[in-house]
Amino acid sequence: MGLRIFPSLSMLVALLLWLLDSRAQAQSNGSAQALDALLQDYAYQAFNRPKTGIAYNGVVPMNLTGITISAMRLRSGSLRTRGVKMYKEIEIPKGVIVSPYVERLVLVYQNLGNWSSVYYPLSGYTYLAPVLGLIPYDAANLSAKNLPQLRINASGDPISIKFEDRRSEPAGSVAMCVSFDSDGSPSFSNVASGNFCSTTQQGHFGIVVESSALPPAPGVVPSPPPATRETGGGKSKVWIIIGSVIGGLVLLVLLALFLLWLRKFKRRKKMQQMEKAAEVGEALHMTNVGNTKAPAAMVTRTQPILESEYVP
């Protein structure tokens, strides 16, 4: 039984590590979604009697220095029939459909700069260009916060993204376009004409190369991801994960000790039962006979009678 405990412990530890990795990925995706909500708020603040089809640059907080944002208000019908010739590095063709339908929408542009690998980490890959985001929101209330994202779909030609700030990949390596959907799942495609990527919907986009093919480039390392308006939320999540892992390991150790104690208890109980079975029977009275002790019966079953006392 003791030998079977340790494989079980190994399996449980492996399960805990897998859960920790899954929660870390979920936390990264949750941080990216929180960043989208925060940047939507600051992008909307750039509007002051906005005109349709004009891009307005927003200002991010100091702890997000390096990220640039912009907002453009459009009519859904105009977006479908005319498109947008050039919105920063993004060209939107005719035939883009918005769902659910709204009369007006706002396209929020994001350039994550040196925060790209923080909010959209890709194991085994290095970014050659910063991550660019294109997120649509309802324009009915330009002072609203935490708005749900709309969906756009290019029914004809795809949306084209030109990455101006792009590093060259080393000789022999192949650069790839990467796009992230709303749940943070990446998908890869080929780069067109050196620094163009295409998509049919909203999301976040970048150009990457395998890390083994590219030595790390010197640059400013960004500080840890900032806490959004939920102050301290990220730190509390980290402590919750660490506490869960430590608590799980302590529980496993206690479980192993309990199983070992249970095994010893059962063995001791069995020995007591065997000893009790060996001692079953009537106990004899011990009496002194000279210098030794010998068993003696307390009473006799039949009283002795002399033959002379027997009268027929």
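Let's start with one pair. Glu164 forms a salt bridge with Lys162. The closest N and O atoms are 4.0 Å apart. Glu164 is exposed, at 54% relative accessibility. Lys162 is partly exposed, at 31%.

A word on the model itself. This is a predicted model. The mean pLDDT of the chain is 81. Of its residues, 71% reach 70 or more. Residues 17-28 fall below 50, and this stretch has 12 contacts in the model beyond near neighbours in sequence. Residues 227-233 also stay under 50. That stretch has 9 contacts beyond four places in sequence.

Back to the charges. Side chains of opposite charge can pair when their charged atoms come close. How many salt bridges are there in total? The count comes to 4.

Now look at Glu103. Glu103 forms a salt bridge with Arg75, with the closest N and O atoms 3.5 Å apart. Where do the two partners sit? Arg75 is in strand 2, residues 68-75. Glu103 is in the loop between strand 5 (96-99) and strand 6 (104-111). The two are 28 residues apart in sequence, so the pair ties those parts together.

Glu103 has another partner. Arg104 forms a salt bridge with Glu103, and here the closest N and O atoms are 3.7 Å apart. Put together, Arg75, Glu103 and Arg104 are linked in a network of salt bridges.

Arg75 is partly exposed, at 37%. Arg104 is partly exposed, at 27%.

How values were computed. Residues are numbered from 1 along each chain as its sequence is written. This is a predicted model: local features need pLDDT of at least 70, side-chain atom pairs count only at pLDDT 80 or more; totals for chains, interfaces and linings use all residues. Side-chain values use heavy atoms; hydrogens and water are left out. pLDDT is the predictor's confidence in each residue, from 0 to 100. Contact means heavy atoms within 4.5 Å. A salt bridge is a side-chain nitrogen of Lys or Arg within 4 Å of a carboxyl oxygen of Asp or Glu. Helices (H or I, at least four residues) and strands (E, at least two) are DSSP runs, numbered from the N terminus. Buried means under 20% relative accessible area, exposed over 50%, partly exposed in between (1.4 Å probe, protein chains only).
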